[in-house]
Amino acid sequence: MMMASELHGIPMLLGSKKPSFHHDRILSSPFSGSRVNLLHSKNAASGFALGKCLSITQRNTTKRFLATSTLADIANDFMALQSSRLAGPEANPKTVASIILGGGAGTRLFPLTQKRAKPAVPIGGCYRLVDIPMSNCINSGINKIYVLTQFNSQSLNRHIARTYNLGGGINFGGGFVEVLAATQTPGESGKKWFQGTADAVRQFLWLFEDAEPKNIENILILCGDQLYRMDYMELVQKHINSCADISVSCLPVDGSRASEFGLVKVDERGQIRQFLEKPKGELLRSMHVDTSIFGLSAQEARKFPYIASMGIYVFKIDVLLKLLRNCYPNANDFGSEVIPMAAKDFNVQACLFNGYWEDIGTIKSFFDANLALMDQPPKFQLYDQSKPIFTCPRFLPPTKMEKCQVINSLISDGCFLRECIVEHSIVGIRSRLDSGVQLKDTMMMGADYYQTEAEIAALLASGNVPIGIGKDSKIKNCIIDKNARIGNNVIIANKEAPNLNQTKGLMVTQVYV
């Protein structure tokens with residue numbers, strides 16, 4: 001049994017010296033120690049990363065480099081064979097501002113997005129999706145953060161205000177977190193809402209026109225609905241070393257998912273020469289590449305023959321202003337318009353990422369990513385003290401369990417479990433499971449508030465259902481949203497994993513209980 005505890009009120013003075021971190025796991029190769037500087041060659045893609053970003057300045061030569069797999073041996077041989085290459089100046093997080101995109105209507109995640117923005121969807125029992133890019137920024141030393149919101153933004157705005165503030169939340173020590181809500185301004189164009197990712201940033205470009213006094217040199221564009229862990233400053237360092245105008249974080253993908261992403265082709269220097277957004281059919285097949293040039297084994301290259309954009313970009317600030325204001329004033333989206341057009345005239349570099357990454361864009365991907373947190377070992381590790389995932393400090397009491405059987409599950413804070421069986425499931429904060437309940441392969445998001453014993457008794461006496469799961473109910477392969485009410489002797493047992501099939505009504509579908 002694993003207990004998922006929150007990180008309550010951890011103060012981080014982001015203006016202070018950046019802490020040292022361990023490197024993420026890279027495919028089957030764990031790397032730790034000094035940063036790697038893979039040097040340029042005509043025979044390999046210069047500046048690419050194995051798990052992070054290649055062509056990173058080696059900062060600590062005294063640390064030991066551990067190579068524990070074939071991929072690590074490839075990296076060592078590659079480094080030994082290449083000639084030296086001049087690295088750029090060391091990246092400074094004080095010169096980077098990040099923009100986290102709140103996303104669109106989130107129709108593929110409906111009904112989880114019925115009353116909340118995609119980044120506000122709960123994950124892992126006690127977190128919100130927006131906590132992932134926010135925590136990555138904090139752990140990378142980046143403390144100038146904007147969050148662009150438009151659809152169903154109330155819960156997202158509330159979570160950010162409660163968690164990442166200058167008072168009782170995380171101490172930003174000179175940095176800031178600002179929510180930039182879609183708004184109307186004078187003029188015909190000012191009457192429109194955000195038309196896409198690029199248009200959302202364009203409508204707030206005036207914030208960066210005076211960026212020189214703020215010492216901002218690069219803008220980091222992030223999505224608010226992805227699950228991964230990354231040191232963004234390694235991406236920025238690669239961006240600086242390669243003299244890129246734009247850098248795009250990419251990862252290898254297989255053919256079954258390739259059409260869901262923007263795909264890229266690069267030359268021997270790592271510069272993007274072709275970018276197609278979600279190609280299908282013949283266009284998809286045309287984007288097939290030999291990914292072994294990026295350090296993948298022959299077997300891995302056959303399994304992952306495409307290079308996909310992660311929707312994570314670094315722009316020189318003057319280039320961003322020029323592109324959105326002058327070059328492509330009518331382009332609304334980064335992935336389908338700005339990046340493909342800019343690749344023809346600007347230095348757009350790809351940076352390969354081989355760590356765990358999941359786009360939480362559909363009900364299935366959301367469900368799978370949550371249950372994968374209980375894998376042994378998990379692909380995404382919540383229990384990393386050096387790079388924690390932050391969330392709202394709720395100060396909840398410990399979970400209370402009476403004669404329960406809990407197997408391979410995550411139980412969040414403040415729950416009441418009584419004589420129940422929980423197997424391979426996530427139980428969110430303030431959840432109540434009554435006696436006889438059986439929960440299996442289920443994501444239960446929990447509740448926003450408690451009901452007292454007296455309130456629960458009064459509801460039951462009047463024939464109503466309190467928040468939580470009632471006696472002798474059996475739930476399997478489900479997603480249970482916040483504040484759901486499930487009565488006694490209810491059976492919801494999907495034969496397949498959740499696949500949205502909404503029925504007309506208030507609470508019950510295949511996955512929304």
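Phe395 sits in the loop between H11 and S17. This is a predicted model, and in it Phe395 has a positive phi of about 55° although it is not a glycine. With a relative accessibility of 60%, Phe395 counts as exposed, because the cut-off for that class is over 50%.

The loop between helix H11 (363-371) and strand S17 (400-402) also holds Pro377. A cis peptide bond joins Gln376 to Pro377, with omega at about -5°. Another cis peptide bond links Phe110 and Pro111, where omega is about 10°. Pro111 belongs to the loop between strand S4 (96-101) and strand S5 (122-123).

Asn483 is a residue other than glycine with a positive phi, near 60°. Its loop runs between strand S28 (479-480) and strand S29 (485-486). At 22% relative accessibility, Asn483 counts as partly exposed.

**Aromatic pairs**

The structure holds 10 aromatic pairs. Two of them are listed here.

| Pair | Geometry | Centre to centre | Angle between planes |
|---|---|---|---|
| Tyr146 and Phe208 | edge-to-face | 5.5 Å | 85° |
| Tyr313 and Phe334 | tilted | 5.8 Å | 50° |

Tyr146 lies in strand S7 (residues 144-149) and Phe208 in the loop between helix H4 (197-202) and helix H5 (211-214), so this pair ties together parts that are 62 residues apart in sequence. Tyr146 is buried, with a relative accessible area of 1%. Phe208 is buried as well, at 4%. Ring pairs join Tyr146 and Phe208 with Phe176 in a cluster.

The axes of helix H9 (residues 317-327) and helix H10 (residues 334-345) come within 12 Å and cross at roughly 110°. That angle makes H9 roughly perpendicular to H10, because the class covers 65 to 115 degrees. Residues three or four places apart on an α-helix point the same way, because the helix has 3.6 residues a turn.

Helix H2 (residues 131-139) has nine of its nine residues buried, so H2 is largely enclosed by the rest of the structure. Among the buried residues of H2 are Asp131, Asn136 and Asn139, along with Ile132, Met134 and Ile138. Just after H2, Gly141 takes a positive phi of about 85°.

**A parallel sheet**

Five strands form an open sheet in the order S18-S21-S24-S27-S30, and their pairing is parallel. Strand S18 (405-407) and strand S30 (491-493) stand at the edges with a single partner strand each, so one side of each is left without a neighbour in the sheet. On average, neighbouring strands of this sheet are turned by 5° against each other, direction ignored.

Within the sheet, strand S21 (residues 421-423) and strand S24 (residues 438-440) pair in the parallel sense over three bridges. Glu423 stands opposite Lys440 in S24.

Definitions and conventions. Residues are numbered from 1 along each chain as its sequence is written. This is a predicted model: local features need pLDDT of at least 70, side-chain atom pairs count only at pLDDT 80 or more; totals for chains, interfaces and linings use all residues. Side-chain values use heavy atoms; hydrogens and water are left out. Two strands pair if DSSP finds at least two bridges between them. Helices (H or I, at least four residues) and strands (E, at least two) are DSSP runs, numbered from the N terminus. Axes are lines fitted to C-alpha atoms, for helices over the stretch in contact, and angles run from 0 to 180 degrees between N-to-C directions. Buried means under 20% relative accessible area, exposed over 50%, partly exposed in between (1.4 Å probe, protein chains only). Angles under 35 degrees count as roughly parallel, over 145 as roughly antiparallel, 65 to 115 as roughly perpendicular and the rest as oblique. Rings of Phe, Tyr and Trp (its six-membered ring) pair if their centres lie within 6.5 Å; planes under 30 degrees apart count as stacked, over 60 as edge-to-face and the rest as tilted.
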